[in-house]
Amino acid sequence: MSALLVDEWQDKAACRGPQAAVFFPPPRTERRDEKAEREARAKAICGQCSVIDDCLDHALDVGEAHGIWGGRNEIERRNMLLLRTEAS
Ligand code: SF4
C-alpha cells in the first residue's frame with residue numbers, strides 16, 4: 001500500500017522530464033543489449049529517487065505491464081507478484 005497518493009509521489013519522481021524516455025521501450029524493436037543498457041540507466045535514476053517504494057507499490061497494485069517502475073522491469077514485477085500470490 002502506498003504511503004502517498006499517486007499524484008503526491010509522482011510530483012517527486014526523479015524520472016520527470018526528458019530522461020523519462022529511458023523508462024519505456026522505444027516504438028521499434030529493441031535488441032537485448034539495448035534493452036539492458038536502457039534499463040540500467042533507468043534503474044540508476046530510480047536508485048536516486050525518494051519515492052521508489054511508493055512507485056513500486058503503485059506498479060504492483062495496478063499491474064503496470066510495461067517499463068521500469070520502482071527500479072524493477074515488467075518481468076521482475078511479474079515475479080514479485082507471483083511470489084506474493086504464492087505466499088498468501
Ligand atoms: S522509482 Fe523510478 S520510475 Fe518510479 S518515480 Fe522514481 S525514478 Fe520514476
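**Labels and their criteria**

Analyst: Apart from residues up to four places away in sequence, Glu-74 touches Lys-35, Glu-39, Ala-65, His-66 and Gly-67. Contact here means heavy atoms within 4.5 Å. The model is a predicted one, in which local features need pLDDT of at least 70 and side-chain atom pairs count only at pLDDT 80 or more, while totals for chains, interfaces and linings use all residues. Residues are numbered from 1 along each chain as its sequence is written, and side-chain values use heavy atoms, with hydrogens and water left out.

User: Why does Glu-74 count as buried?

Analyst: Its relative accessibility is 15%, so Glu-74 counts as buried; the term means under 20% relative accessible area, with exposed over 50% and partly exposed in between (1.4 Å probe, protein chains only). Glu-74 lies in helix α4, residues 74–87. Helices (H or I, at least four residues) and strands (E, at least two) are DSSP runs, numbered from the N terminus.

User: What makes Lys-43 partly exposed?

Analyst: Lys-43 has a relative accessible area of 27%, and is therefore partly exposed. Lys-43 is found in helix α2. Leaving aside neighbours within four places in sequence, Lys-43 is in contact with Ile-68, Gly-71, Arg-72, Asn-73 and Glu-76. Between Lys-43 and Phe-23, 20 residues apart in sequence, the C-alpha to C-alpha distance is 8.4 Å.

User: Is Ile-68 buried or exposed, and why?

Analyst: Ile-68 counts as buried because its relative accessibility is 4%. Ile-68 lies in the loop between α3 and α4. Not counting residues up to four places away in sequence, Ile-68 touches Phe-23, Glu-39, Ala-42, Lys-43, Cys-46, Asn-73 and Arg-77.

User: Which residues are around the ligand, and how is that decided?

Analyst: They are Trp-9, Ala-13, Ala-14, Cys-15, Phe-23, Cys-46, Cys-49, Ile-52, Cys-55, Ile-68 and Gly-70. A residue is near a molecule or strand if one of its heavy atoms lies within 4 Å of it.

User: What makes up the shell around the ligand by class?

Analyst: The shell has 10 nonpolar, 1 polar and no charged residues. Ala, Val, Leu, Ile, Met, Phe, Trp, Tyr, Cys and Pro count as nonpolar, Asp, Glu, Lys and Arg as charged, and the others, Gly among them, as polar.

User: Which residues of helix α3 are buried, and what follows the helix?

Analyst: In helix α3 (residues 52–62), the buried residues are Asp-54, Cys-55, Leu-56, His-58, Ala-59 and Leu-60. After α3 comes Gly-63, with a positive phi near 70 degrees.

User: Why are Gln-10 and Glu-8 called partly exposed?

Analyst: Gln-10 has a relative accessible area of 29% and is therefore partly exposed; Glu-8, at 37% relative accessibility, counts as partly exposed too. Gln-10 is found in helix α1, and Glu-8 is placed in helix α1. Gln-10 and Val-51 are 41 residues apart in sequence and 7.9 Å apart in space, C-alpha to C-alpha. The C-alpha atoms of Glu-8 and Asp-33, 25 residues apart along the chain, are separated by 34 Å.

User: Where is confidence lowest in the protein chain, and where is it highest?

Analyst: Confidence is lowest in helix α1 (residues 6–10), at a mean of 84, and highest in helix α2 (residues 32–46), at 98. The protein chain averages a pLDDT of 92, and 93% of the residues score at least 70. The pLDDT is the predictor's confidence in each residue, from 0 to 100.
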